[in-house]
Amino acid sequence: MSLPIKLYTCGTPNGFKVSIFLEFLGLKYDAIPIDIGKNESKSDWFVKLNPNGRIPTIEDPNFKSDNGGSSGSGPLVLSQTGAILQYLADTYDKQHKFSYPYGTAEYYKTLEYLIFQVSENGPIQGQANHFILYAKEKVPYAINRYTTDVKRIYGVYEDILSRNKANEGKYLVGDRYTVADFALFGWAVALKGLDIDIHQWPLLSKWHDSLLKLPQVRKGLQAVPAKWIEEFLENIA
């Protein structure tokens, strides 16, 4: 019997990515809240798990290496959402309900869009969040720069959806939701905080609203308490 995966997280876009995917996979997990407002992720015990001191981080006690190397069995401690999502897909989605077989074109397109999200969408939107919502000094240049680039990036996603003509832009890749969708969705729900309406992009609007209706998404968003996400869900109920 599999033991629960430990998910060290909080109610942020990056945290949502992993809890949502865990819900879709139907895996047992314990969501362990980390108070980043009190800098708990920089505490000694957490930095031993993740040297970068960021959430989310997972600890999978069920890990077994396929190659029998020196680190051949669990627990596996892993950080960085792209790595976590890919690991979960490789390990627990053997029937490819939310992934594609290694070596296929769809596999590499999923990887492309996952990397695009973690390397560009997340960091740029994160900077916009900082300068608009949290910075003590309002810097018009920074606010304009990052807000403009956030909108550009979501325009790129609109284009990506439009190219998936076989499924009328329902998914980023092929005929199913993948880690590329779950990674983006964690940040898409946070656009409201920047006063950016995702419904200005027709395909992204349908994609966003369709995902939001799914029970696994709702459960993943509520894995740990977060006032802003509870208010968001109440407003769209």
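## The loop with Pro 56

Pro 56 lies in the loop between α2 (44–49) and β3 (57–60); helices (H or I, at least four residues) and strands (E, at least two) are DSSP runs, numbered from the N terminus. The peptide bond from Ile 55 to Pro 56 is cis, and its omega is near -5°. Most peptide bonds are trans, and most residues other than glycine have a negative phi.

The model is predicted: local features need pLDDT of at least 70, side-chain atom pairs count only at pLDDT 80 or more, and totals for chains, interfaces and linings use all residues. Residues are numbered from 1 along each chain as its sequence is written, and side-chain values use heavy atoms, with hydrogens and water left out.

## Two residues with positive phi

Asn 39 sits in the loop between β2 (29–33) and α2. Its phi is positive, about 65°, although Asn 39 is not a glycine. With a relative accessible area of 46%, Asn 39 is partly exposed (buried means under 20% relative accessible area, exposed over 50%, partly exposed in between, with a 1.4 Å probe and protein chains only).

His 96 is in the loop between α3 and α4 (105–134). Its phi is near 60°, again a positive value in a residue other than glycine. His 96 is partly exposed, at 26% relative accessibility.

## Two domains

The domain assignment, which is automatic or from a database, divides the chain into domain 1 (5–99 + 219–234) and domain 2 (105–214). Their centres, taken over C-alpha atoms, are 20 Å apart. Domain 1 gives 21 residues to the contact and domain 2 gives 20, where contact means heavy atoms within 4.5 Å.

## The interface

Between them, domain 1 and domain 2 bury about 1,600 Å², with 75% of it on carbon and sulfur atoms. Buried area is the accessible area (1.4 Å probe) that two parts lose on being put together, summed over both. Pro 13, Lys 17 and Phe 232 supply 30% of the area that domain 1 buries against domain 2, more than any other three residues.

On the side of domain 1 that touches domain 2, the elements giving two or more residues are α1 (13–25), α3 (81–92) and α9 (227–236). The largest share, seven residues, comes from α1.
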